[in-house]
Each structure stands twice: as C-alpha cells, then as structure tokens.
Amino acid sequence: MSQTLQPGGPVLRGRGALHLLWVAAIGFALVIGQTLPSVARAAPESFADLAQQVSPAVVNITTTTTVAAPVAPRGPMLPEGSPFEDFFREFMDPGRQGPSTPRRSDALGSGFVISEDGFIVTNNHVIDGADEIEIEFFSGKTLPAKVVGTDPKTDIALLKVTSDAPLPFVTFGDSDVMRVGDWVMAMGNPLGQGFSVSAGIVSARNRELAGTYDDFIQTDAAINRGNSGGPLFNMEGQVIGVNTAILSPNGGSIGIGFSMASNVVGKVVNQLKQFGETRRGWLGVKIQDVTPDVAEAIGIKTAAGALVTDVPEGPAMAAGMKAGDVITSFDGGNVSDTRDLVRRVADAEVGKAVRVVVLREGRTETLLVTLGRREEAEATTTPVAAGAPQAPAQEEMLGMTLSPLDSDLAGELNLPADASGLVVREIDESGAAFDKGLRAGDVIAEAGQQKVATLADLQDRIDEAKEAGRKSLLLLIRREGEPRFVALPVE
C-alpha cells in the first residue's frame, strides 16, 4: 500500500482505490458490514430536541501552525564576466530578495466540552504541532485553548479554556451497550462550514483500524473532513464516540465513518486530566494469537488466549513467565485473544499486583505479576535472549535446509555472537514451512516449547510429537530478533 500526501493530510491508497483518511485536516478508515439487531425500533420523529440540547457543548477548533518557508531558489551558475551575470544577480539572487519568511497554516476540526470549567476533548491529529488553538462555541464566542495532554495511540487530545462563566458540557455514555442498528447523531464542523448535525445508525462495533488500542464504532452518520474530534451522541445526549476517521474513495462521506468508543476515550481523558499523559500497565511479554494449528500443536482444545513468544526482562520474567506459556486469564477475567489481553493490561493500574493464569505443558499455573508502566518500557530496548554456540552442520528437515547457529552465522544475521538455534539456510517454496511464512535466514529457537541448539534436538522434538499423536510441531522462530510461533506438520 503506497502513501501520497494531499493538502488535507495523508491519504492511503489501497485495494479498490479507497482512501483511508483522517476527517479533520488528516485521516483514515476501513469497512466491513454487520447484521442488524433482531429487535426493531421506530425511527425518532425528529433529532431537533436532541440537537438543541447538546449543541452548546460542541465546539469548532481552529489551529494555526507556523511552517518554515522553502529555501529561495538560486540562479544558474554563470561564467564570470558573462553578459547575463548582472541580469541574474538582479532578479534571482536570494540575498537581493531578502530573507524568506515563514508562513502560517490554518486547520479546522471539532471537539466537545466535558466540564463546566473548560476541559475539551478532540482528536490529537486536529491539534498536533499547532502553535495556537482557538475554540469557537455555538454562541459565536471564541476562546484560546492550551493543550493539557495528548495520546497519539488513541488519537485523543485534552484541551483547556478559561471562561468567566460556567460552560455547557456533555457527559460520556457507555459505548459497550450500543447495539448495531441503534440511532446515533454526529456533530461537528465538516469542511469548515460551521456547526452541522448528521444522523444515522451504528453500523458495526469493535472495529480495528491501525492502533493497538483501537475500538471504533462504525456509523453511517455523515462524517467529513473537519468532523474530527466531534462527538457521536446516543439518543440520551451522551457521547458514545469521538468521530475520527472515514472510509472514502474521494475524501467525502460515503456512509462509512468511525468513532473511537467512549469507554476507551474516557479512561484516556481521566489520565490526561490527572497526569497530563497516559500511564498504561505493562506486562512485559511478546504475544501472538493462538490459531487452531498452534492449539493442536501444543495439545489444547480451544484456540483462545495469548501465546507468549518472548519474555524479556520485566514484570512477567520476574514472576516466572516463560515463552510458550498461554495466558488464559488476567486479573480474574478470561483472555480471548491478544487484543483482549493488551487492552486489559493497558487499563490496569501501574504497580498493581495481578494474578495471571497460564497454561504450561498441559497444566495451569497462577503467577502474581506486578505491572510496570508501558510508556517507560517503550523508551528502552531489551536485548534478545541467547544460548550457547554450536558446531556447524547441515540437514534437510521439515522442508528446510537447517544448520546450527555458530558465531560466523550469527555475525551474518546481525545476532549476538553467543546466540543459539537452527538457521534456515534454504527452504522448499512448495512446502508447508514456506506457506507458513518461514524464510531463509530465520532462526528456529525452540521446538515443542523446548530450546533447540542441534539438529538432533529438533529431530527429538519431531519424534516426540509423532509419538504423542500430534499432527504438527510448534516452532519458535526469530527474525531480526522478533519472535513468533509457527506450527508445522511433522509428517
């Protein structure tokens, strides 16, 4: 997928020539349908009362950014004494034109007031890089705003204005109770035309776009550029989403818009208000989903939970967690997949001791993990764990030509000199290993959830899987230091 820039911001061009874009000055989006609820409800007679009720709390946002001026063009290189030398010095010499001056760029977006003392929620991309932020209220009154805090991961920003009088405000509703087919109303400043209302239904829920913490409500209520940061209301006048993105082939609404769910936004806003930044819990593991073939390879019946691929130094390692563990429960709640676990951990309190249930070699174990802070962990890098070196050899196994990793191979692959495992030297492109994504240069670190340093180690794991009646063997693959599990057939 390629990216091109347009005046309104980045537009991603992909399958079907659909543009994925932000809906303020910048944007993006996605599409899938969903069935309607079984219980039908009559359409409201009018949205006028609701619009009148909430309009005073919805705001237009104008940002001003100083953009560096381009370097003035220089004239052509001319031989000294050329008859054109004076001409070009007069008309093309940048020094004669005077210094280039920076220019100011304006952008538009939307937002809404959440407290009478002037806290305002909008999208981060609406105010990102802005030098000045001006808030226009429904009454026409304008006030300058300052940034309290931002969270690029959910694209949420919290602003603050100072007002002599208490401001009208709206509250967050429970986005989890919204059903596909429920009526919703969007408000904002589409295309810079001023306050505008559109209505529609919830088209789908729990949409993922590009972020780790994405939980979007999809709606057919018209959302356009300039609507970014505006509220999506339920019929009680509560905010159940923040309008963020659209799917469009032309930059305008085609009835597929996305609002970040209020239950995500509310938690972010509370942290921004309290700390000026987010403070998410950190478990300290790398994980992947448990697919059906992986479940079969490790001998579990249900493809659920989060499979641990690596445990660098951190809270999980201190608690005794190991690569190959399947996390089935976190802090008393069942874990359905990696996305579920990431959200649960992020929502947990930093420093809290939580019980984590893992499935290890057919048995469940409960670990007590004291959570760290994700933002601090992301600021540091952790070296990849390594084992002992082995003598070189080569053999074809599982559709691959493998050899033990020695110091020379480790150097070629930019791995630590003491790294261990089996290197994929060649691979049969018609085989299962290639289909599963393995490539030459990959390193097999584990097989059957045990470390492998020699070809004999791998053969032993293959024999054990066959004796246990399993159709596949779970391999831990490292590529450029990043781990993932792959289940390969042993026949």
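In the predicted model, strand S14 (residues 231-233) is joined to strand S15 by 3 bridges, and the two strands run antiparallel. Within this pairing, Leu232 has Gly241 of S15 as its bridge partner. The two strands form a hairpin in which 5 residues lie between S14 and S15. In the turn of this hairpin, Gly237 adopts a positive phi of about 80°.

Strand S15 (239-248) also pairs with strand S16 (257-261). This pairing is antiparallel and comprises 5 bridges. Here Val242 is placed opposite Met260 of S16. S15 is mostly covered, with 10 of its 10 residues buried.

Helix H5 covers residues 262-275. At 1.5 Å a residue, its 14 residues should span 20 Å, and the end C-alpha atoms lie 19 Å apart, in agreement with that expectation. The buried residues of H5 comprise Ser262, Val264, Val265, Gly266, Val268, Val269 and Leu272. These buried residues pack against both S15 and S16. Just after the helix, Gly276 takes a positive phi of about 80°.

Definitions and conventions. Residues numbered from 1 in each chain as written. Predicted model: local features only at pLDDT ≥ 70, side-chain atom pairs only at ≥ 80, totals over all residues. Heavy atoms only, no water. Helix = DSSP H or I, 4+ residues; strand = E, 2+ residues; numbered from the N terminus. Expected span 1.5 Å × (residues − 1). Buried < 20%, exposed > 50% of the residue type's maximum accessible area, 1.4 Å probe, protein only. Contact = heavy atoms within 4.5 Å. Pairing = 2+ DSSP bridges.
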